[in-house]
Amino acid sequence: MNPAEWLARTAALHPEAPALMRGTDLLADYAGFARRAAALGAGLAARGIGPGARVAVFMTNRPEYLLALYGAWYAGAAVVPINAKLHVREAEWIIANAGAQAVLVSDDVGAELHPDVPLRLSVDGAGFAELLTHDPLPGPVPMTGDALAWLFYTSGTTGRPKGVRITAANITAAVLSYLADVDAVHPADAAFYAAPMSHGAGLYNFMHVIRAARHVIPPSGGFEPDEILDLAPRLENLHFFAAPTMVRRLVAAARARGGTGEGIRTIVYGGGPMYLADITEAVEVMGPRFVQIYGQGESPMTITVLPRDLVADRTHPDWRARLASVGRAFSALEVRIAGADGRSLPPGEVGEILVRGPTVMPGYWQDPAATAETLRDGWLRTGDMGAMDEQGFVTLHDRSKDVIISGGTNIYPREVEEALLLHPAVAEVSVVGRRHPDWGEEVVAFVVPEPGHDPDPASLDAHCRDRIARFKRPKHYRFLAELPKNNYGKVLKTDLRRLLEEDA
Ligand code: AMP
């Protein structure tokens, strides 16, 4: 079905329910939200955009982002969300690769796009306003389950991004999975868009539309811990997605003001490794507000989940082990750990994480070779290494390409990072392998010191000796003011490896 059906249905039943807000200011109720989306859809349709077309959205977080998404869906087209932090040249590459017929932009990021991009309409200009003057479509153009709805370009820590084809049925499965396994959503709730709406945060709008809850865009348009902590008690029942680095900053801000994050109901964290030391502190400061998800563009926001009670229940004997995991498979999915031959491994053994089920993409956009490599025998090969215990809890190790092989033994950087983060002088750390003539690779740690600290390698080494096997200890330490990260906050290990090669 067309995801815009959810908006049409909610608007019919709860026309006056508050829908779109900027901070505490109400901008539109559900009737207004749906009417504008349907008008936008009509405006796009009048320009020949309908089923089979792609509409790129290159905007910073703002209420119009949701109008753009639903406008495209009303018209029956697919959306191509483009990360607002990309360079315009990168955005142009995506627009061309996707063959987008229209590009909806905000001027802060889209003004510099090449004039040749097709049908550029700005929310800050007359183009978008004109779309909104059309008579609203009577309803969303029907979509079948296999219709392309969301063409998402993977963030990619190497090479060109690939377009992931997410269908209307994939979205439905991901949304129902959230409601079944992550969290309930009530009409009094508010989806808060602190993370980029081009990514998972944007996909979390649907359950809130279904339940007639509010959608709140922070006035800053992004992630500002103090803004969130100020707004939350006034808005109440906030739900949002946060990457682990965002959780760290929020917890630090809450602690500094002696608060616990009052007004925040649920923080869904994921998208990168959450270290045990960080989530333990987060629960200590903010209480039972956290749910972890593990997903990837190819199975959006939906592979495994560690629910709220398991994150927060300190009395359980396996609490720490579970907290260090990414939880168990979503109810709708099969998840297994496979060896190099594709066969399932016994509990506890480390292999590649494979996923099968209704949230998994049908393939990449116009890239049959990459599709064939990633989808084999109906299973999505995530490229993530991990192990599953007897109860189904999955512990994520590293991307297969990040595993360090030293003297023929696998070393999982995450384990070394977890250990180093317990050192009081270490704020952030990333561990990579460096080529070594005798060992194949050796372990190198890049450390960002806590402000005011000056950790020395000897004390870090002593700290590791107390916690991990000797062969896993970093042989070298490098100190950096910050770690190189991509636009979604993922550490760019390729850049770190390149730094080491340059040294050599
Ligand atoms: P993307 O497709 O850009 O969303 O990136 C997905 C990748 O992020 C996954 O394949 C994992 O490597 C990583 N990731 C996602 N969620 C988690 C999580 N909860 N813990 C650790 N890594 C994660």
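Reader: Before we look at the helices, how are axes and angles defined here?
Author: Axes are lines fitted to C-alpha atoms, for helices over the stretch in contact, and angles run from 0 to 180 degrees between N-to-C directions. Helices (H or I, at least four residues) and strands (E, at least two) are DSSP runs, numbered from the N terminus. This is a predicted model, in which local features need pLDDT of at least 70, side-chain atom pairs count only at pLDDT 80 or more, and totals for chains, interfaces and linings use all residues. Residues are numbered from 1 along each chain as its sequence is written, and side-chain values use heavy atoms, with hydrogens and water left out.

Reader: How do H2 and H3 cross?
Author: The axes of helix H2 (residues 30-46) and helix H3 (residues 63-74) come within 7 Å and cross at roughly 55°.

Reader: Now the ligand: how many residues surround it?
Author: The ligand is surrounded by 17 residues (one heavy atom within 4 Å). The closest are Gly271, Ile293, Gln296, Gly297 and Asp384.

Reader: Which part of Asp384 is 2.6 Å from an oxygen atom of the ligand?
Author: An N or O atom in the side chain of Asp384 is. For Gln296, a side-chain N or O atom is 2.7 Å from an oxygen atom of the ligand.

Reader: Which element gives the largest share of the shell?
Author: S13 gives the largest share, five residues.

Notes:
Polar contact = N/O pair within 3.5 Å; in protein donor to acceptor, adjacent residues only side chain to side chain.
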